[in-house]
Amino acid sequence: MNRMESVASSRLDAILAPFASPSAGVSVSLEDLDGGLIAGTHPASAEREASRDIRSHGVVVARLVARGAGAGAPLVSAAIGALAAALEELVSEAAGLRAAEAALSTALRVADERSRRLDAELILGRRLQRSFVAIVPPDVPGYELASHYEAATEVGGDFFDLFRLRRRGQPLSVVIADVTGKGVAAALLMAFSRPLLHAAVDHASGPADALERTNRVLVQERHTPLFITALCATLTLGSGRLRIANAGHEPPLLARGDGSPIQSIEVAGPLLGAFGSLELSEADVELAPGDVVVFYTDGVTDARCRSGERFEDGRMLAAIEAARHGTAAGIVESIRAAVNEFQAGVDPADDVTIVAIRRRPRTARARG
């Protein structure tokens, strides 16, 4: 017997309780169609008997039976009739409760199945999304490339790309971007924008032109309130010349091999998808042997600890400083570990992406 049927049974017993005493002259019981007792009591003997059918939605489901010397009296007959009417309402109510319970159980089961399917789809989406991101960097002689990516939820809106261009000298292209917001909507816009940016870089005259081309398509085709911050850079390998254009993204950080203070490469412009024309300029720096440049998304500096304090630029610079004379992978790991330690026990505020490019010192390159 489930909980709802138990409640209905206890109410039936309470209704029939006054007729349970032999001194009342009449004993009333509720029985199934085979005479089995549902509620009330069967007297040891009965001189007279009267009954009323109990219906639910027009179907006889039970009988109310009065037994005893006074069972045929008009007053008792009227009382039994009224009691039968009340019991029919209770039976219909119980049937409704059972139907509601069955419907609720079905709805919960369907919701649970849908939740499991959604979880499975999000896991698949996460795997596919990670396959979109250049986790394994290309081989670039004379340079070290390292990266870290972690979505705040199952799927994220950050993306980056490291690839060699199909032109003379095969310069290295660097793209790092962040869709405003996070979750599925951001991930969908990321999936649309990443190949768009890749194709634009392949055919553009430089980083600023690549971002302008991408922006024109997004303004025409984007049907979402989300926007994209993006940074595009091209590295000429022989000279170490790094050209950078920035559409609303965090400026990269340059740590020189000579130990001079870490500097921000400042070049700015509006984010992608907001305006018809960006009118971007480019920054032009040269990576000397031993220099390292770090690209990142705001999930690093916006990370929060339990008190709500942000990670901010100071901790970012300290993490780079602690590893600046090591490898590109060591610098990325230093930043990643500092962020994880800072936000320990707190859900990530945003997706985290870190990319480091280090030009190997001449001595290390000569030995290699």
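Q: What should I keep in mind about the model and its numbering?
A: The model is predicted, so local features need pLDDT of at least 70 and side-chain atom pairs count only at pLDDT 80 or more, while totals for chains, interfaces and linings use all residues. Residues are numbered from 1 along each chain as its sequence is written, and side-chain values use heavy atoms, with hydrogens and water left out.

Q: How many helices and strands does the chain have?
A: Helices (H or I, at least four residues) and strands (E, at least two) are DSSP runs, numbered from the N terminus. Here the chain has eight helices and 14 strands.

Q: How do I read burial, and what percentage of the chain is buried?
A: Buried means under 20% relative accessible area, exposed means over 50%, and partly exposed is in between (1.4 Å probe, protein chains only). In this chain of 368 residues, buried residues make up 42%.

Q: What is the accessible surface of the chain?
A: Accessible areas come from the Shrake-Rupley method with a 1.4 Å probe, and for residues only the protein chains shown count as cover. The chain's accessible surface comes to about 18,200 Å², and carbon and sulfur atoms hold 54% of that.

Q: How do I read contacts along the chain?
A: Contact means heavy atoms within 4.5 Å. Among contacts in the chain with a separation of 6 or more, 67% come from residues 24 or more positions apart.

Q: At what angle do helices α6 and α7 pack?
A: Two packed helices are described by the angle between their axes and the distance between the axes. Axes are lines fitted to C-alpha atoms, for helices over the stretch in contact, and angles run from 0 to 180 degrees between N-to-C directions. Helix α6 (residues 312-323) packs with helix α7 (residues 328-342) at an angle of about 140 degrees, and their axes are 8 Å apart.

Q: Which word describes how α6 and α7 lie to each other?
A: Angles under 35 degrees count as roughly parallel, over 145 as roughly antiparallel, 65 to 115 as roughly perpendicular and the rest as oblique. Helices α6 and α7 are therefore oblique to each other.

Q: Which residues make the contact of α6 with α7?
A: From α6 come R315, M316, A319, I320, A322 and A323, and from α7 come G330, I331, S334, I335, A338 and F342. To sort them, Ala, Val, Leu, Ile, Met, Phe, Trp, Tyr, Cys and Pro count as nonpolar, Asp, Glu, Lys and Arg as charged, and the others, Gly among them, as polar. On that scheme the contact has nine nonpolar residues, two polar and one charged.

Q: Is N246 buried or exposed?
A: N246, in strand β9 (residues 241-247), is buried at 1% relative accessibility. The C-alpha atoms of N246 and L231 are separated by 4.5 Å, although these residues are 15 residues apart along the chain. Leaving aside neighbours within four places in sequence, N246 is in contact with residues including L211, A230, L231 and V267.

Q: What does I244 touch?
A: I244 is also found in strand β9 and is buried, with a relative accessible area of 0%. Beyond its neighbours within four places in sequence, the contacts of I244 include P207, L231, I265 and A283. I244 and I265 are 21 residues apart along the chain, with their C-alpha atoms 8.6 Å apart.

Q: Where is S193 found, and where is A204 found?
A: S193 is in helix α3 and is buried at 1% relative accessible area. Not counting residues up to four places away in sequence, S193 touches F159, L218 and I228. A204 is in the loop between α3 (184-203) and α4 (207-221), and is buried at 6%. Setting aside neighbours within four places in sequence, A204 is in contact with R167, D209, A210 and R213.
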